[in-house]
Amino acid sequence: MKQIAILGFGIVGGGIPTVLTESAEQIRRTVGDGVDVKYILDLRDFPDSPYGDRVIRSIDTILADPEIEAVCEAMGGLRPAYEFTAACLKAGKSVVTSNKELVSEKGGELLALARENGGAYLFEGSVGGGIPLIRPFLTSFAGERVKEAAGIVNGTTNYILTAMQSGRSFEDTLREAQALGYAEREPSADVDGIDAKRKIMILTSLCSGILPDAADVYAEGIRDVTVSDMEGAKKAGGTLRLIAKTVTGERGVSAGVCPMIVPAAHPLSGVNGVYNAVSLTLPATGDILYYGRGAGRLPTAAALVSDLCAVLSGAAGAERLPDFEKKPAGTLVPFESLPTDAYVRTGLPSAEAEEILAAAADSVERLDGGGSEFVLRGCSVPQVKGLLPDARIIRILR
């Protein structure tokens, strides 16, 4: 019987034993043996859990036990998750995690520790929850580098924006998302784009090998999205979504998160509710779409168990670990400087606005409806802001 430890027995950590039990036969076939939880590190007691007798208080117990080959880190946050993860890796134990904050900030350092000590550091659950997105970068795409990744990677904001399509306000739909358990009581990490920013930092590292400084990744949330924006997106032929995007081009690497209008023909346009999807563009393979539940107790726990199976079966030892080279601020090409298409709404008379915008775009199309609403092709958002500082500008996903 293979023995593992879990750090943190919250929503995700508490789901790991459920997945191990429900998929026990499949796991046995994959690993060649059963998998059992020997320790659970948590400050709380769980008297009603069948695993309550496995709760311990000290990481040293796990570090000293040679039976523990792999550790599931489900604590979240930077500390003490970073210190505990580093200690496990230094002790020669592999660590699997869904902690996007830790991976996005310290992933390069922890991957180096895994290499130095003969273990693995795997993080399939950190982006896209249960969607099997991370491992293909290390296996299926080993022969080519992903040029671009664009996706809906936060289920809370996607639920809110989907609900707003019916004409409801941001505040109303946020309250509904909180009542349903999709949004936290303090929703800043989701609605301000912080969660999506961490995830696009990880995808940027997988695409380019560069782990960007957080200051280099543009982040704009959805607090300011209005019913008028939703209507404008429809007029422009698409739907409004919070998009995380990373691009490796001739000038370098760029990454950012912001509300974008997704054209109806784009595969991301049909991603509704709490679902996530990521579109990848590769030089030889072309476009690939990953779609599924991007969060939740069991989908994320299943991703951790998938990584566990890779470690305990020996498959992870045959896979290369990614190279995350930490770069200082100022390394990435500013996301705002990328040429884009955009929807623009202004209070100026249409003719006057159109004349001004013509200087900032390859083409300007006036939308129907009698207002000063336009679609710009090949424009610079900072330049448009400079010309029309009071205009509402929303990028259109290319």
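In what order do the six strands of the open sheet lie? The order is β3-β2-β1-β4-β5-β6, and the pairing is parallel. This is a predicted model. The edge strands are β3 (55-56) and β6 (121-122), each of which pairs on one side only.

**Sheet and packing helices**

- Strands β4 (residues 68-73) and β5 (residues 94-97) run parallel and are joined by four bridges.
- E73 has T97 of β5 as its bridge partner.

**Helix α12 in detail**

- α12 has 17 residues. From first C-alpha to last it reaches 24 Å, close to the 24 Å expected at 1.5 Å a residue.
- Its buried residues are T300, A301, A303, L304, V305, D307, L308, C309, A310, V311 and L312.
- One of these, L312, is in contact with K2.
- G314 follows the helix, and its phi is positive, near 90°. Most residues other than glycine have a negative phi.

**K2 in strand β1**

- K2 lies in strand β1.
- Beyond its neighbours within four places in sequence, K2 is in contact with V31, D33, G34, V35, D36, E69 and L312.
- The side chains of K2 and E69 make a polar contact at 3.3 Å.
- K2 and E67 are 65 residues apart along the chain, yet their C-alpha atoms are separated by 7.7 Å.

**T239 in strand β10**

- T239 is found in strand β10 (residues 238-249).
- Is T239 buried or exposed? T239 counts as buried because its relative accessibility is 17%, under the 20% cut-off.

**A cis peptide bond**

- The peptide bond from R79 to P80 is cis, with omega near 5°.
- P80 lies in the loop between β4 and α4 (81-90).
- Most peptide bonds are trans.

**Aromatic pairs**

- How many aromatic pairs does the count come to? The count comes to seven.
- F9 and F46 form an edge-to-face pair, 5.1 Å centre to centre, with 80° between the planes.
- That pair links distant parts of the chain, 37 residues apart. F9 is in the loop between β1 and α1, and F46 is in the loop between β2 and β3.
- F9 is buried, with a relative accessible area of 9%. F46 is buried too, with a relative accessible area of 17%.
- Why does the pair of Y121 and F123 count as tilted? The planes of the two rings are at 50°, so the pair is tilted. Their centres are 6.0 Å apart.
- Both Y121 and F123 are buried.
- Ring pairs link Y121, F123 and F324 into a cluster.

Conventions:
Residues numbered from 1 in each chain as written. Predicted model: local features only at pLDDT ≥ 70, side-chain atom pairs only at ≥ 80, totals over all residues. Heavy atoms only, no water. Pairing = 2+ DSSP bridges. Helix = DSSP H or I, 4+ residues; strand = E, 2+ residues; numbered from the N terminus. Buried < 20%, exposed > 50% of the residue type's maximum accessible area, 1.4 Å probe, protein only. Contact = heavy atoms within 4.5 Å. Polar contact = N/O pair within 3.5 Å; in protein donor to acceptor, adjacent residues only side chain to side chain. Expected span 1.5 Å × (residues − 1). Phe/Tyr/Trp six-rings, centres within 6.5 Å; stacked < 30°, edge-to-face > 60°.
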